Amino acid sequence: MSFTPDELASLELLSGLPREHLEWVAGHGTRVSLQTGEHMFERGHEADSMWLVVSGMIQGYEEIGGHWVIVATTGPGQVTGMLPFSRMTHYPRHTVATEPSVVLRLPKSDFKEMLDVSPEMGQRLVAVMSDRVRGDVRLEQQNEKMMALGRLSAGLAHELNNPASAVRRAASILAEQRKRLPPLVTALVRHQVCDAGLDKLERLRAAAVERGGDHVLSELDRSEREDELADWLEAHGVPESWEVAGTFVESGVAVEDLVDLVPDVSEEALGAALAWVGAGLASDRMVWEIASASERIAELVASIKTYSHMDRSPEHKITDVRVGLDSTLTMLGHKIRKKGLSLERDYADDVPLIPANAGELNQVWTNIIDNAIDALEEGGRLRLRARRNDLWVEVEIADDGPGIPEETRGRIFEPFFTTKEVGVGTGLGLGIAQRIVKSHQGHIAVQSEPGHTVFSVRLPVEPTSHVKS
């Protein structure tokens, strides 16, 4: 069953067109009725028709990050699918009717005749296509940002996991050691340890705390000392002698330090006395570990704050590119370590501060460095260099990966061009990097051959209209 001109006259796309134009569309279009849940066309199928929704609602879905996401909604009077002048070859998404719908299908083989019959309709479709391109670009840019955010979130989670786990472990051990202290103190009082003995115990503990475990032992030396201490402690009735021996070795306590206690601490009290010293040292060690891990967490939070510049406006402000490079490496540190990459930083001391949007520049560093990490095999080499060259600050990011093939090298900055698998990259990362660098009146270039790829970014020290390359 065909449409009538009257059915089409009120639709937004066709409103106000001469009746003979409506008759042409009605005569060449095919009526397609869809029930709720039926697909209008499938992603990957040949794009062979324009689809005009007459009634109902059609939604388009794409797979983004492993999830199906609604990316377009087409209502009465709106078109989707293939359009005149479009370079689309295959449908980019799935389309599903969300309610009983009626659509008009016009094959692309009729496009030329349609434009001859109704140039005005052609103009309207060009405007629709322009809007669609802008929408697709915004969608892909948002997708790129979300993928970048996902990568950075994963990186931050990896970086925070170690110190957070250390805090939990240390807090648990600290709680256990603190529980042991009261009964040990009670035992010391019960055995009436003399003042001289208490003084020696406190000096032993204080000396170990002052050393802070600041001594390096080989695994063999550590094992021998633990064996020697454990044997001595067990012989003198110290409970959990192996655990206490490990604490003493970490704190630099030797058997000769313990022998000095014997004249002033009775045999009955010696076990409780040394267990008390060991529990105190273990507690001090756990407090130090909690403080150290907490400091690492604070450093990571400061690094992400520096990376994202959450406390700064988007305006160009005095910026140190070396700080941005380092904060980016922190965010991507888990990927570098996972592949066992060697990292080399070569920052000149005289690199000047430049006016820039630091958050945007960090996007540039992230896109380039992340691509380099992905290209490298395990054990590969990543090198970052920053220096001043006359009126420019130059940053080079190099890797010894397989290189960029000559046939694709000229297209890497094109929007949507990517050599990565679907869902891994959008092809916008380097295009965004180029746009950001240009907005800073800078230049970005790449040189590549097998075993040596270098991205070079030049940024003006004083960006003005007269800066020349």
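Two residues are said to be in contact when they have heavy atoms within 4.5 Å of each other. By that criterion, and leaving aside its neighbours within four places in sequence, aspartate 264 is in contact with Cys194, Ala196, Gly197 and Lys200. The model is a predicted one, in which local features need pLDDT of at least 70 and side-chain atom pairs count only at pLDDT 80 or more, while totals for chains, interfaces and linings use all residues. Residues are numbered from 1 along each chain as its sequence is written, and side-chain values use heavy atoms, with hydrogens and water left out.

Aspartate 264 is found in the loop between helix H8 (255-259) and helix H9 (267-308), where helices (H or I, at least four residues) and strands (E, at least two) are DSSP runs numbered from the N terminus. Aspartate 264 and alanine 196 are 68 residues apart in sequence, and their C-alpha atoms are 6.2 Å apart in space. With a relative accessible area of 22%, aspartate 264 is partly exposed, a class that lies between buried (under 20%) and exposed (over 50%), as judged with a 1.4 Å probe and protein chains only.

Strands of a sheet pair through backbone hydrogen bonds, either parallel or antiparallel; here two strands count as paired if DSSP finds at least two bridges between them. S1 pairs with strand S7 (residues 101-107) in the antiparallel sense over 5 bridges, and the bridge partner of threonine 30 in S7 is arginine 105.

Another open sheet has 5 strands in the order S9-S11-S12-S14-S13, with mixed pairing. Its edges are strand S9 (342-347) and strand S13 (443-449), each with a single partner strand, so one side of each is left without a neighbour in the sheet. The twist averages 10° from one strand to the next. Strand S12 (residues 392-399) and strand S14 (residues 452-460) run antiparallel and are joined by 8 bridges, and valine 393 has leucine 459 as its bridge partner in S14.

Two helices lie across this second group of strands. Helix H10 lies across S9, strand S11 (381-389), S12 and S14, running at about 170° to S9, while H12 lies across S11, S12, S13 and S14, at about 175° to S14. H10 (residues 321-331) and H12 (residues 358-375) also pack with each other at an angle of about 50°, their axes being 9 Å apart. The two are therefore oblique to each other, given that angles under 35 degrees count as roughly parallel, over 145 as roughly antiparallel, 65 to 115 as roughly perpendicular and the rest as oblique. Their contact includes Val321 and Leu325 of H10 and Trp365 and Ile369 of H12. By class, this contact of H10 with H12 has 6 nonpolar, 5 polar and no charged residues, with Ala, Val, Leu, Ile, Met, Phe, Trp, Tyr, Cys and Pro counted as nonpolar, Asp, Glu, Lys and Arg as charged, and the others, Gly among them, as polar.

How values were computed. Axes fitted to C-alpha atoms, helices over the stretch in contact; angles between N-to-C directions.
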